[in-house]
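Q: I am new to this structure and would like to learn how to read it. Please take me through it one feature at a time.

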Amino acid sequence: MVTREDVENIALLSKLFVPEEELDSLTQSMQEIINFADEINKADADEEGFDNINNLSNVFHEDEVVESYPVEEILKNAPEQAEDHFLVRNRE
Amino acid sequence: MGTISKIHEMLVSGECSCAELTKSYLDEIEKANPELNAYVNVTPDEAMRAAQAVDKKLAAGEEIGMLEGVPMTLKDNLSTKGIETTCCSKILTGYKPIFDATVWEILKSRNAVMLGKTNMDEFAMGSSCETSYFGGAMNPVNTNHVAGGSSGGVSSAVGGNIAAYGLGSDTGGSIRQPASFCGVVGLKPTYGSVSRYGLIAYASSLDQIGPITKSVEDASIVFDAISAPDRRDSTCKGNVGGATYPTLDNDIKGMKIGIAREYLDGVRDDVREAVLEAAKVYEALGAEIVYFDLPILKFALPVYYIIACAEASSNLGRYDGIRYGYKTAHYNGTHDMICRTRSEGFGEEVKRRILLGTYVLSAGYYDAYYKKAQNLRGTIVKAFDRAFEQCDVILAPTVPMTAFEKGHAVSDPIETYLTDICTVPVNIAGLPGVSVPCGFNSKGMPIGMQLIGKSFGEAQILNAAYKYQQAAPDKFMDTKWGVRL
Amino acid sequence: MKYELVSGFETHIELSTRTKIFCNCTTQFGGEPNTHCCPVCIGLPGTLPVLNREVVRYAIKAGLAVHGEIAEIAKMDRKNYCYPDLSKAYQISQLYAPLIIGGYVELSNGRRIRLHHIHIEEDAGKLIHQHGDTYVDYNRGGVPLIEIVSEPDIRSIDEAKEYVERLQQVMRYIGISDCKMQEGSMRCDVNISVRPEGSEKFGTRTEIKNMNSIANIAKAMEYEYDRQVDLIESGGKVIQETLRYDDATGTTSPMRSKEDAHDYRYFRDPDLVTINVPREEVERLRAELPELPMDKCRRYVNELEIPEKDALLLTKYRRISEYFDEAIKGVKSPKTVSNFIIGQMFRRTETESDKELFELATSPAQLNELVRLLDSGKIRNNLAKSTLEKMLDSGKGALEFISESDMGGVDENALLELCRKAIEGNPKAVEDYKNGKEKAIKSLVGNVMKNSRGKADAMAAEAKIKELIG
């Protein structure tokens with residue numbers, strides 16, 4: 001059962017606002033999708049599970065420094081920046 | 001019919017210059033795009049610059065490679081340095097990457113002429129392209145119909161002849177489904193054969209970049225070019241199976257083509273008939289048709305949605321209005337800013353999948369959903385392994401239906417999810433699959449069939465696809481739009 | 001009622017690899033804001049992590065140094081939480097299959113603090129809050145960390161302090177981190193609960209986050225212990241919560257607000273592949289490890305006859321113990337070397353960081369030469385001491401300050417001659433001694449010392465004089 005509280009909780013974890021008036025319909029819609037997902041519980045699954053698709057292991061980068069990007073590039077897309085920092089301005 | 005090779009010949013023979021060719025594509029985009037909405041960002045300056053570089057080489061008498069000077073497009077989730085890359089989401093508006101996706105780096109180094117970035121479902125979440133922030137891309141065969149999704153812009157552009165080919169991404173069918181809807185060829189490569197670096201992630205363990213083309217040999221040419229190991233992508237091994245182009249025309253006498261009965265369940269009659277018709281073509285070519293059961297497939301769709309949404313919920317956490325993209329105008333504190341930015345910046349379908357993904361990973365539900373789905377994923381991988389003991393290639397429909405009319409898909413999420421039923425198993429198992437046109441329904445809308453191969457078995461499925469294309473050229477069509485070659 | 005303190009530590013240690021854990025940016029501390037960054041470590045869409053090979057090696061060394069079991073298969077997981085210092089909204093860490101399992105840290109009281117596991121993960125960036133605004137610098141984002149998670153085996157504040165010191169010491173020894181708490185390259189989360197003495201059941205614990213000095217750890221634990229005991233004594237209940245320690249007030253206070261409802265939704269990171277650790281690699285790394293401080297200390301006490309107190313001082317920092325090991329080569333009494341180091345040399349390296357670097361003008365070989373002169377009887381202790389001072393001032397060798405005439409003048413024959421002269425010249429003292437006045441011998445010895453300009457061995461002279469007088 002998906003409850004309103006579940007939806008409120010996952011919305012908070014997802015950092016999404018759900019308007020009060022949409023909470024019921026969203027709970028309903030989530031319930032439908034979860035019912036659909038519940039199908040899998042009818043299946044017998046191997047217990048050993050799944051690792052990664054090509055069973056790859058030990059892919060590494062070597063410990064050699066590559067020059068970093070210029071700070072202007074790093075900050076290029078920032079909605080707000082100041083003093084070479086990303087900025088969340090909280091003053092009105 | 002090989003469009004890429006035809007363009008190559010034209011350029012080499014001097015029939016037209018690359019600049020002229022590019023200009024004609026750009027002109028056609030201007031005419032067709034208002035109706036197709038395939039492109040969300042046309043980049044004429046970039047395109048002309050690349051074209052001129054090719055012309056310079058030609059003028060100097062230098063040899064050019066097969067992909068040099070060929071006008072193409074990229075789905076808008078592939079990072080292009082300095083060129084806006086939005087995933088067709090409000091939340092990434094204005095974002096200009098500071099690096100190139102590996103696939104684009106490869107093609108750029110080969111003087112590919114990029115005409116622009118193409119439309120898609122927001123963050124590749126959808127089957128109709130209609131969740132795009134910029135509105136859906138239309139089907140070039142009939143613009144009352146959707147182009148499909150999520151790589152709908154690429155298939156619309158290629159089908160509409162306003163790009164010779166394009167790169168899309170396929171997480172649960174996003175290359176093959178729109179290719180099928182638009183009557184073009186779409187290859188979803190083996191997971192790990194093409195680098196994902198620079199592909200804006202939807203579901204990392206399922207995403208794979210591949211070509212959408214007018215012909216099988218074009219798919220082969222592009223795949224051979226872009227499949228290479230990349231030290232920036234730990235999961236990328238490159239083209240382990242070797243080049244596909246040299247074996248395209250190999251005889252398929254004795255090839256075992258498998259049909260899993262489950263793939264034909266719940267598929268519309270016209271689609272089933274077209275696929276079975278194709279099986280007959282194969283028999284005529286000397287292949288052997290083998291029927292078998294793959295009952296585990298009935299769980300593929302929920303497994304896919306659980307895994308995809310779980311990964312998406314994590315991948316999409318980073319859009320917080322701090323480093324790039326959209327940021328809300330009014331807020332009260334950092335937490336509020338992040339929540340508002342995300343609530344305003346993401347569309348409904350994306351939010352739905354983020355919430356579902358968060359749910360299946362959250363305390364108390366992880367074992368029942370995510371872990372169970374991972375286990376089933378292992379079971380599905382093994383089931384395909386066993387299937388490939390009986391056959392070389394699996395033949396299946398790409399989509400249970402043809403392109404729907406616009407506005408049809410958005411109503412019921414679960415019904416929409418069901419359209420992915422034939423495509424998702426390939427992503428779950430990491431296998432290669434190519435969608436090839438195999439007929440039309442009564443309204444003239446294209447039907448696609450899918451050839452599924454063993455892991456890194458691209459050469460085999462493209463070989464089978466090419467032989468079919470040679471035997472049934474009437475299934476491949478042109479539209480009223482675009483550049484005529 | 002008496003209450004027992006129960007504590008477990010989660011210790012984060014930044015590894016001193018050259019590059020970050022998932023990209024090739026430098027890990028250098030400091031630097032102008034956002035200048036040690038690339039698309040990967042600021043989490044631009046489409047970027048992918050690739051694990052640093054050296055991080056795995058460093059972590060394995062850490063595991064071996066604390067007697068942990070190195071997993072054959074390890075995996076990376078995502079820990080999801082959204083905070084501005086975390087560029088991807090998840091931290092790549094390990095939960096389901098960490099690299100190191102178990103292990104322990106042995107304390108001087110013989111108790112072993114068991115470790116649950118050690119995992120590798122990435123550090124977050126840095127937030128600066130100013131006038132309500134938040135500034136973000138990602139230079140530290142992606143710096144590799146190991147997190148050492150102990151069992152709740154610590155039973156006192158002294159044990160806690162020693163536990164942290166031991167970890168710091170051993171990690172510095174094996175060279176995987178500088179463990180500078182003040183720079184944040186070593187940080188502790190302290191879990192703490194209390195229970196009536198004799199009780200087997202654990203009480204409800206609280207967690208004090210991000211402690212960055214041993215002194216504060218002690219103060220915070222003391223405060224939190226008292227707070228919990230008071231709470232229980234007064235009929236209250238300890239709530240399981242995360243606390244921050246305020247250095248200024250010396251108190252702890254709850255840290256999280258409702259906004260940070262935490263459920264990390266760990267799952268395997270699909271962008272990273274499995275880590276497979278071949279046993280040969282483990283053995284190769286084990287062979288690279290230096291002798292560990294506890295083993296060294298034991299060896300100094302048992303084989304070199306160094307008092308335990310001194311042995312602890314010598315082994316506290318790797319450089320000092322290496323200096324000592326070098327300086328004792330071929331000397332008769334390692335204790336003499338130890339005395340010079342702990343005495344005169346420690347006076348010149350007063351701070352802990354001085355001791356850690358142990359940079360002195362005098363090389364171990366020079367000290368060794370001085371001690372050999374002493375061993376062979378060519379010079380005496382007082383001269384050696386004053387010479388060492390000059391050596392430490394100048395960086396010059398002992399022979400620069402000791403002339404030929406200072407050395408070797410007082411061999412057997414010379415001593416005999418000096419003693420005879422002393423006896424002949426002081427009949428009164430000889431008489432007194434013979435009459436039972438023990439002290440009188442001192443003036444005879446003094447005479448020998450004076451005539452030898454302090455080079456003679458006073459003990460030997462006394463023995464010789466007694467022998468001559470009969």
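**Reading the model, feature by feature**

A: Begin with a pair of strands: β7 (residues 256-260) and β9 of chain B run parallel and are joined by two bridges. Helices (H or I, at least four residues) and strands (E, at least two) are DSSP runs numbered from the N terminus, and two strands pair if DSSP finds at least two bridges between them. The model is predicted: local features need pLDDT of at least 70, side-chain atom pairs count only at pLDDT 80 or more, and totals for chains, interfaces and linings use all residues. Residues are numbered from 1 along each chain as its sequence is written, while chains are lettered from A and ligands numbered from 1 in the order in which they are written.

Q: What is the bridge partner of B:G258 in β9(B)?
A: Strands of a sheet pair through backbone hydrogen bonds, either parallel or antiparallel. Here B:G258 has B:I394 as its bridge partner in β9(B).

Q: Which strand pairs with β9(B) in the antiparallel sense?
A: That strand is β11 (residues 446-452) of chain B, with four bridges to β9(B). In β11(B), B:M449 is the bridge partner of B:P397.

Q: How many residues of β9(B) are buried?
A: A residue is buried if 20 or more other C-beta atoms lie within 10 Å of its own, exposed if 12 or fewer, and partly exposed in between, with C-beta atoms placed from the backbone. In β9 (residues 393-397) of chain B, five of five residues are buried.

Q: Which residues of β9(B) point one way, and which the other way?
A: In a regular strand the side chains alternate between the two faces of the sheet. B:V393, B:L395 and B:P397 point one way, B:I394 and B:A396 the other way, and all are buried.

Q: How many helices and strands does chain B have?
A: Chain B has 16 helices and eleven strands. Its radius of gyration is 21 Å, close to the 23 Å that the globule rule gives for 485 residues, so chain B is as compact as a globular protein of that length. The radius is taken over C-alpha atoms, and the rule is 2.2 Å times the number of residues to the power 0.38. The C-alpha trace of chain B spans about 65 × 55 × 45 Å along its principal axes, and 66% of its 485 residues count as buried.

Q: How many residues do chain A and chain B each bring to their contact?
A: Two residues are in contact if their C-beta atoms, placed from the backbone, lie within 7 Å. Chain A brings 36 residues and chain B 49 residues. On the side of chain A that touches chain B, α2(A) gives the most, with five residues. That side divides into 21 nonpolar, seven polar and eight charged residues. Ala, Val, Leu, Ile, Met, Phe, Trp, Tyr, Cys and Pro count as nonpolar, Asp, Glu, Lys and Arg as charged, and the others, Gly among them, as polar.

Q: How many residues of chain A are in contact with chain C?
A: There are 32, in contact with 34 residues of chain C. The largest share of this side of chain A, four residues, comes from β3(A). By class, the side has 15 nonpolar, eight polar and nine charged residues. β3(A) also runs antiparallel to β11 (residues 133-137) of chain C, joined by three bridges; in β11(C), C:Y135 is the bridge partner of A:L87.

Q: What domains does the assignment give for chain C?
A: Domain bounds come from an automatic or database domain assignment. For chain C it gives domain 1 (3-284), domain 2 (291-406) and domain 3 (412-469). The C-alpha centres of domain 1 and domain 2 of chain C lie 37 Å apart. Six residues of domain 1 are in contact with five residues of domain 2 in chain C, and α2(C) supplies the largest share of the domain 1 side, four residues.

Q: What is the order of the strands in the open sheet of chain C?
A: The order of the three strands is β6-β5-β17, with antiparallel pairing. The edge strands, β6 (90-93) and β17 (267-268) of chain C, each pair on one side only.

Q: What average pLDDT does chain C have?
A: pLDDT is the predictor's confidence in each residue, from 0 to 100. Chain C averages 92, and 97% of the residues score at least 70.
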